[in-house]
Amino acid sequence: MHELIWLVPALPLLGVLINGLLGSRLSPRAISVVGCGVVGLAALAALGLFAELTALPPHTRVLRQVLYTWIASGNFRAEVALLVDPLSAVMLLVVTGVGFLIHVYSVGYMHGDRGYARYFTYLNLFTFSMLVLVLADNFLLLYVGWEGVGLCSYLLIGFWYERDSAANAGKKAFITTRIGDVGFAVGIFLVFATFGTVNIREVFDAAGRLPVGDAALTAITLLLFLGAVGKSAQLPLHVWLPDAMEGPTPVSALIHAATMVTAGVYLVARLSLLYALAPVSLAVVAAVGGITAVFAASIGLTQNDIKRVLAYSTLSQLGYMFAALGVGAWTAAIFHLMTHGFFKGLLFLGSGSVIHAVHEEQDMRKMGGLAKKIPHTYWTMLIGAVAIAGIPPLAGFFSKDEILGEAYKLGFLWVWAIGVVVAIMTAFYMFRLIGLTFWGESRVDTAVEPRIHESPRVMTVPLWLLAIPSIVLGLFLAWPGPPLGSLFGMEGPGLLAGWLEPVYEHGFELLGHHEAEFAIFGIDGVLILISVAVALGGMLAAWRLFGVEIGPLQRRGAPAQVNRASLNKWWFDDLNHLVFIVIGGRVAAFAWWFDAKVVDGIVNGIGAVTRRSGGGLARVQTGHVQNYALGIAVGLIVMAGSYLMIAGR
Amino acid sequence: MTITLSHYLVLAAALFVIGLVGVFIRRNAITILMCIELMLNAVNLTFIAFASHMNAVDGLIFVFFVITVAAAEVAVGLAIVIALFRNRDTVNLDELNLMRW
Amino acid sequence: MPDPNWSQALRTVAPELTLTIVALIVLVLDLVAGRGRKGALAAIAVVGTLLALGWSVSLWGERLVAYGGMVVADNYSLFFNIAFLAITVLTILLSTSYLRREEADLSEYYVLLLFCTLGMMLMAKGLDLIVIFLGLEILSISNYVLAGFLRTRLQSNESALKYFLLGSFSSAFFLYGIALIYGTTGSTNLGRIAQALQANRDPGPLFQVGMALLLVGFAFKVASVPFHMWTPDAYEGAPTPITAYMSVGPKAAAFAAFLRVFSQPLAAMQGEWAVVLWVLAALTMTVGNVVAIAQPNIKRMLAYSSIAHAGYLLVPMVASGELGTSSLLFYVLAYAFTTLGAFAVVILLSRKGEAGYEIAGYAGLGYTHPVLALAMTLFMLSLGGIPPTAGFVAKFYIFSAAVKAGYIWLTVIGVLTSAVSLYYYLRIVVLMYMREPAEESSAATLTAGPLVTLAIAAFAVLLMGLFPGSIFTLAQSSVFGL
C-alpha cells in the first residue's frame, strides 16, 4: 500500500484537472460527483494507509514513498517524497475526512451559483495542496503545499468578487500572509545554509548535534514560526482571518477553521524537535499563542456577525494550540487540533445553514428564536457549542483539559491562567451566539420570517456526521488514558498520546518531560473541576443574558429567601452585567479598537506605502533622455567613489 | 617640457568629460550624437597613448575597430533621428517624453 | 599570430559563421522575393538559427580556444548560445503575424535579429574585452534599429532614439574602461589580465576606475538600477516581439560576459566588488518591483519586472562560486522561457496599431480565453517564484547560493521584494479570473506562431519546475569551462 501514498494527493488533483478544464461543459451534477468523489476516494486511501500504519510495530510506523528526485546537484538532493508517520496520518484523516463532508455540504450550499465548477476546482486544488503540505518529507515540498494553500485561500476568499468587500478581504489576506511567508522562506534558506539539506529527518539528525539554544536554530525556528503566525493568523498577523469570512461559508469551515489555519500548528508540531532545541523560540510560541487566545476571545464577546464570532473563536482556539505547543504539550495541541477541526467545522457549517435559512443575513441581532424552525441546525450547533465550551463528555473538554492540565503541571502557570480565562470567555460567547440565534423572540425581518426553512438533506447530513465526532472523538482518543481511564482504574496513555509517542519521545526527552502521575483525586481532579466550573459559569452567564426572558428559578415555587435572591436573580445578573458587559465590553471594545485601527492600520499601511512609493519612484522616470544619462553618470561617480573608498581602506 | 603618457591621458579624459557634459546640456539630438562621438574619440586617444607608451600594436588595432563601430553607430543614429524628424518635425530632446513614469 | 589550426578555429565559430551566412542569404533573397513572400524568409531564418543551434550542441563538452585566445567555445558559452538561439527562434515565431498586422513586414527585420543574436553569441564566447565589445556593439546597433522598426509610430521612434543615445553613451564608458584596463595591465585578454593582476596585487586606482567604467557598461545592458532608466521607455515603444527579445536576449548576453569578466580576472578582488554588486542587486530588486506595482500598461510592467529580474540575476553574481554560476545559468533559462511565454500572451491579446496593452483589458480572460488565461497564470506564477514552476526553482537556487555564501540579508531583501512582486503578478491572475470581461472585450487573434511559442514556453516552465534535475546538471557542467 505504501507505494500508493501518491494516490492521496493525486486524486484531488485529478478533480482539479477534470473540473478545471471541462467544468464549463459538465452538468452541475457531474461536477459535484467529481469534486466530492475524488476527496471521498482520497479519504478512503488515507484510511487504508492508516490501517497499514497501525499494523506496524509502534517505532517503525513510517511509510515513505519517493516519487522522483526533484533536484540533485552535487551533495544537495531534494526528493519529491511523501511521508506518512503517526502525525501526518492524523492530519491526513482530518483533512480528507472533514474535507469530504464539507465538499458534500458545498453541493447544497453552492447550488445554483454561477461559479459552481470554479468553486469545486479551487476546493479540490486546496485539498491537494493541503495534502502535499501534510505529506511533505522535506521543506521544499512543504513550501510547495504552503504556497498552494495560501493561493487557494486567497482565491476562495475573493470568490464572490462582485462584492468589493470580498475582493478587499482577499487582498488583505494576501498581504498579511505574505509577511509570514517571507519569514518562512528565509527560514528554509537558513535551514539549507545551516544543515546543507532540506530533508526534515536529516535536518533533525544534524540539529541533534547542535547545542541546545544554538543561535542558528533559534533564528530558524523563529523565522519558520513567523510563517506559522501568518498562516495560522496569530497576533499580530491575524487581521486577515475575520475578513476572510467574506468567502463562502463552507470555505470558512474547511480552510479558515478546520485545516489550512492549523497548518502553522502542524508545522511547529512536525518540527517539535527543532523547537525543543530552541527554548527561546518555544517561549515565543507560547507567548504569542496565549496572547492571541485571550485577545481574540475578548473580541469575540461582542461581535454581532455570526461568522465573525466564529472567526475570532478560531483565532482564540488556534492560540490555545500554540500555547500548548509552546509549553511542550505537543500531543495535547494535536489533540485539540483534531477535535477543533470537527466541532469548528460543524459550527461553521451550522452557521452557513442558519445564514441560508434567514436568507443571507449574518447579523445575529436579526435572528433569534430559530431553534424550532431549523431543528437539525439548532441541535447540531448546540452540540458544537457544548463541545467547544469544554463540557464533559464532549470532545472539546478532553483536549482543552489536557492542554490546561499539562500547562499547569509543566509549570507554566501563566499559560494555565490564560487558558482558564479564555475557557470562560469561550463558553460565554458561544452561548451568546446560540442564544441570540436560536433562543428567545424572533427578530427576523418580517418579510423573511415566513420563508425560513431548514436546509436540504445534503447539508444537514454532513452536520450530523460532524456532530457525532464532536461528541465522542475526545472520549475515544483519550481512552484508556486520563482523565476517564484513570477513574476506572485503567493504566497507560490515551489512544492519541500512545499513537503519537514515537514521533515525540525524542523531543520530550530533550525537554526533560517525564510521564507525570495522573491523580484524578488529587491535583488533576481539581484542575478538571476548575475548567468544568468556568465553562459552566460562562455558559450560564450567557444563558441568563441572552437565553431567557424569565429566569428559570422564578418559574418554580421557591422558598422565601431563595425567592428574594431569585427576584434579584441571585444577584447573578448584576455580577454578570458587571463582568461581561461592563468589564468584558470595555476589554472587547479596546481590543476591537486596537485590532481595527492599529494592527489593521499597519497592515493596510504597508500595502499603501508600497503602492505609493511605486508611483512616487516612477516619477523619477521623467521621460527626458538626458536625465537618464545624468543618472548613469551620477551612478558611476557614486559607485566608483565608494568603491575606491572601500578598496582604499 | 617633455610630453609624457600622463599628458595624453589627461587630455583624453578632458575630451571625454567635455563630451559627457555636452550630452547633458545640449538639447539637439544631432549635437548629442556628436558629443558621444567626441567621447569615443577620447577613448581612441587613450588607446593610442597607451599603445605607443607600451610599444604595442594591439592598442592601435583596437582604434580601427572603434572607428568602424563608431561609423556604424553614426549611420544608425542619423537614420533614427531622420525617422523621428519625419514624424515630429523636431530633433529637440525636450519634446521627446511621450513615454515616462 | 596566425592560427595554424584553421579547422579548429572554424569549428570554434561555426555556429556564428552559420548565422552570418544565413543572415546574408536572407538579405540577398529579399531582393528576389516579392512582397507577401516574407514568410518564406522567416522560415529560412528559423532554419538557419536551428542549424546554428545544432552546431552549438555538437560542440558541447569540448573546449576550443581559437584566434589567439580571443574566442572560446566552452560549455559556458555554449549553454548561453543555445539559449540565445532558442530565444531567437521563439522571437521569430512571435514576430511574423505581428509584423504583418502592423504592416512592417520587411525582411530586414529578420536579418537584424540574426545579427543581434550573432553579437550576443560573440559576447558569450569572447575571451578578450575587444571581442566582447564588438559583440556588444553588433548586438546594440542591430537592436537600436529593431526598437525603431515601426518607423511611422512615434513611440517606436522615441524608443529607438532613447535607446540609441543612452546605449552609445554607455558604450563610451565601457570602451573607456577597456582602454584603462588595457593601459594598466597591458592586455585586453581576460587570461592575461588575470596573470597581470596576480603578478601585481595592487593594480592602482586607474585600473579600478576602468573596472568601474566596465561595470557601468554591463549594468546598463542588464538594466540594473541606477542604470536602468532607459529600459521602460525603450521597451514600451519597441515592437512587442522585440520587447520580448530585448528583455531576455541582450540581458542574458550581458550577464554572460559580465560574469566571465568579473569572475575570471577579478577573482582576487571578488570580495571588494561583491560589495558594489550587492548594493546594485538590492537596489535593482527593490526599485524594479516597487515601481512595477504602479504600472497600468503591461509592456511597461513587464519592463520593470525585467529590471527586477536583473536584480535577482545579480544575486548569484554576488555569491559567485560554482553554485552561484550554475544558479545564474538556470535562472537565465527559466526567466527567458517565462518572459517569452508571457509576451506571447501579450501579443495574442494585442490589436492592430500597437493597442490592447492596458492591464485592465485582461479582465475576464479566464472566461473568454481559458487556455490563454491558464498559460498566463502559469507565467505570472513563475515570474513571482511560486511553485511548481521554473521561476520557483530558479529563485530557490540563486537564494541558496547567496545563503551558502553568507549573504543572508541580500536573501532577505530578495525574498521580501519577490513578495512585493507577487502583488502585481497576481493582480493579473485576479483580473483574469475574478473580474467580468470588459464591454469591448478584446478578442484574441489566435495565430500559429505565438501559440507555438506559448506552448513551448509553458512546457519548458513546467518541465523546469517539476523536473529541474537535468537542466541543472547541464548548468553545472557549464561552470567548469569557466
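How many cavities of 30 Å³ or more does a search of the whole structure find?

Modeller: Happy to walk you through it, and please keep in mind that this is a predicted model. The search of the whole structure turns up 11 cavities of 30 Å³ or more.

The volume of the largest cavity is about 230 Å³. Its lining is made of 20 residues, and those nearest the centre are A:Tyr143, A:Ala185, C:Gly385, C:Val415 and C:Ser418. Two or more lining residues come from each of H5 and H6 of chain A, and likewise from helix H17 (390-404) and helix H18 (408-434) of chain C. The top contributor is H6(A), which gives 6 residues to this lining. Sorted by class, the lining of the largest cavity holds 13 nonpolar, 3 polar and 4 charged residues.

Next comes the second largest cavity, with about 140 Å³ of space. Here 15 residues form the lining, and A:Gly150, A:Leu151, A:Tyr154, A:Phe174 and A:Thr177 lie nearest the centre. H5 and H6 of chain A and H18 of chain C are the elements that give two or more residues to this lining. Its classes come out as 8 nonpolar, 3 polar and 4 charged residues.

Now for the interface itself. Chain A brings 59 residues to the contact and chain C brings 70 residues. About 5400 Å² is buried between the two chains, with carbon and sulfur atoms giving 80% of that area. On the side of chain A, the residues that lose the most area to chain C are A:Phe189, A:Ile632 and A:Tyr643, together 14% of what that side buries.

As for polar links across this interface, the rule finds 0 salt bridges, while 4 residue pairs are in polar contact, both partners being at pLDDT 80 or more. Several elements of chain A each supply at least two residues to the side that touches chain C: strand E1 (63-73), helix H4 (116-135), helix H5 (139-157), helix H6 (164-195), helix H25 (572-618) and helix H26 (625-648). H26(A) has the largest share, with 14 residues. By class, this side of chain A has 39 nonpolar, 13 polar and 7 charged residues.

Notes:
Residues are numbered from 1 along each chain as its sequence is written. Chains are lettered from A and ligands numbered from 1 in the order in which they are written. This is a predicted model: local features need pLDDT of at least 70, side-chain atom pairs count only at pLDDT 80 or more; totals for chains, interfaces and linings use all residues. Side-chain values use heavy atoms; hydrogens and water are left out. Contact means heavy atoms within 4.5 Å. Buried area is the accessible area (1.4 Å probe) that two parts lose on being put together, summed over both. A salt bridge is a side-chain nitrogen of Lys or Arg within 4 Å of a carboxyl oxygen of Asp or Glu. A polar contact is a pair of N or O atoms within 3.5 Å; within protein, one must be able to donate a hydrogen and the other to accept it, and residues adjacent in sequence count only if both atoms are side-chain atoms. Helices (H or I, at least four residues) and strands (E, at least two) are DSSP runs, numbered from the N terminus. Ala, Val, Leu, Ile, Met, Phe, Trp, Tyr, Cys and Pro count as nonpolar, Asp, Glu, Lys and Arg as charged, and the others, Gly among them, as polar. On a 1 Å grid over the protein atoms alone, a cavity is a set of points where a 1.4 Å probe fits but cannot get out, and a pocket is an open set with protein on both sides within 12 Å along at least five of seven lines; lining residues have an atom within 4 Å of a point. Grid points are joined across faces, edges and corners, and a volume is the space filled by probe spheres set on the points.
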